[in-house]
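Let's take a friendly walk through this structure together.

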Amino acid sequence: NYVAVANDDAAQLDEDALLASLRAGRSFGTSGPLVFTRLGEAGPGATFAGAAGDLVVDVRAAPWVPVREVRVYVNAVLAASKPIAAGGRAKFALRFAGDAFVFVEVSGPAEGAYASVLPGNQPFAFTNPIFVDADADGAWTAPGLPRPAPPLLAKPLDN
């Protein structure tokens with residue numbers, strides 16, 4: 001796992017900041033490729049407000065880590081995919097009918113030096129979700145769940 005922190009100098013590790021970032025979901029998992037995503041200004045663990053936005057995916061990898069495809073999921077359903085190579089950038093125009101979550105996978109074939117070094121493994125990376133507040137009301141509701149009812153206001157009783 002890679003966790004986003006303000007300062008990546010291990011000698012100056014701020015454990016509290018690291019744990020806060022991890023708890024906030026600002027991370028991705030990988031077996032080789034590095035994947036960086038933004039929906040507008042929101043990255044993994046953050047919330048994007050709006051019914052439409054551009055998802056930008058940047059992929060990096062060592063020369064011996066093959067990368068061939070990027071896949072975008074909205075509410076755990078494959079929404080788009082396209083070829084990509086290490087060092088590549090892909091852009092996806094996304095529209096949302098309601099609150100949602102978006103995550104990305106990147107993969108490649110297990111071949112060449114990668115297969116020799118990591119037999120039985122495949123180059124693969126995935127992001128934590130970016131949450132989408134489609135109606136920009138400041139409240140994210142998990143897809144498929146009813147919106148919470150507004151709180152009841154108590155009225156004073158007349159005696």
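## The largest pocket

The largest pocket holds about 420 Å³ of space. Here a pocket is an open set of points on a 1 Å grid over the protein atoms alone, with protein on both sides within 12 Å along at least five of seven lines, and lining residues have an atom within 4 Å of a point. Grid points are joined across faces, edges and corners, and the volume is the space filled by probe spheres set on the points. Of the 18 lining residues, V3, A4, R26, F28 and F36 are the closest to the centre of this pocket. The elements that give two or more residues to the lining are β1 (2-3), β2 (27-30) and β3 (34-39), strands being DSSP runs of E with at least two residues, numbered from the N terminus. The largest share, 4 residues, comes from β3.

By type, the lining divides into 10 nonpolar, 5 polar and 3 charged residues. Ala, Val, Leu, Ile, Met, Phe, Trp, Tyr, Cys and Pro count as nonpolar, Asp, Glu, Lys and Arg as charged, and the others, Gly among them, as polar.

## How to read the model

This is a predicted model, in which local features need pLDDT of at least 70 and side-chain atom pairs count only at pLDDT 80 or more, while totals for chains, interfaces and linings use all residues. Residues are numbered from 1 along each chain as its sequence is written, and side-chain values use heavy atoms, with hydrogens and water left out.

## Aromatic rings

The structure holds 7 aromatic pairs (ring centres of Phe, Tyr or the six-membered ring of Trp within 6.5 Å; planes under 30 degrees apart are stacked, over 60 edge-to-face, the rest tilted). One of them joins F28 and F36 edge-to-face, at 5.6 Å centre to centre and 75° between the planes. F28 is buried at 9% relative accessible area, whereas F36 is partly exposed at 32% (buried is under 20%, exposed over 50%, partly exposed in between, with a 1.4 Å probe and protein chains only). Together with Y2, F28 and F36 form one aromatic cluster.

How are the rings of F101 and F103 arranged? Their centres lie 6.4 Å apart with planes at 10°, so the pair is stacked. F101 is partly exposed at 22%, and F103 counts as buried at 18%.

## A buried aspartate

D99 is found in the loop between β8 (89-95) and β9 (100-107) and is buried, at 11% relative accessible area. The D99 side chain reaches the backbone nitrogen of A134 at 2.9 Å and that of T141 at 2.9 Å.

Conventions
Polar contact = N/O pair within 3.5 Å; in protein donor to acceptor, adjacent residues only side chain to side chain. 1 Å grid on protein atoms, 1.4 Å probe; cavity = no way out; pocket = protein on both sides within 12 Å on 5 of 7 lines; lining within 4 Å.
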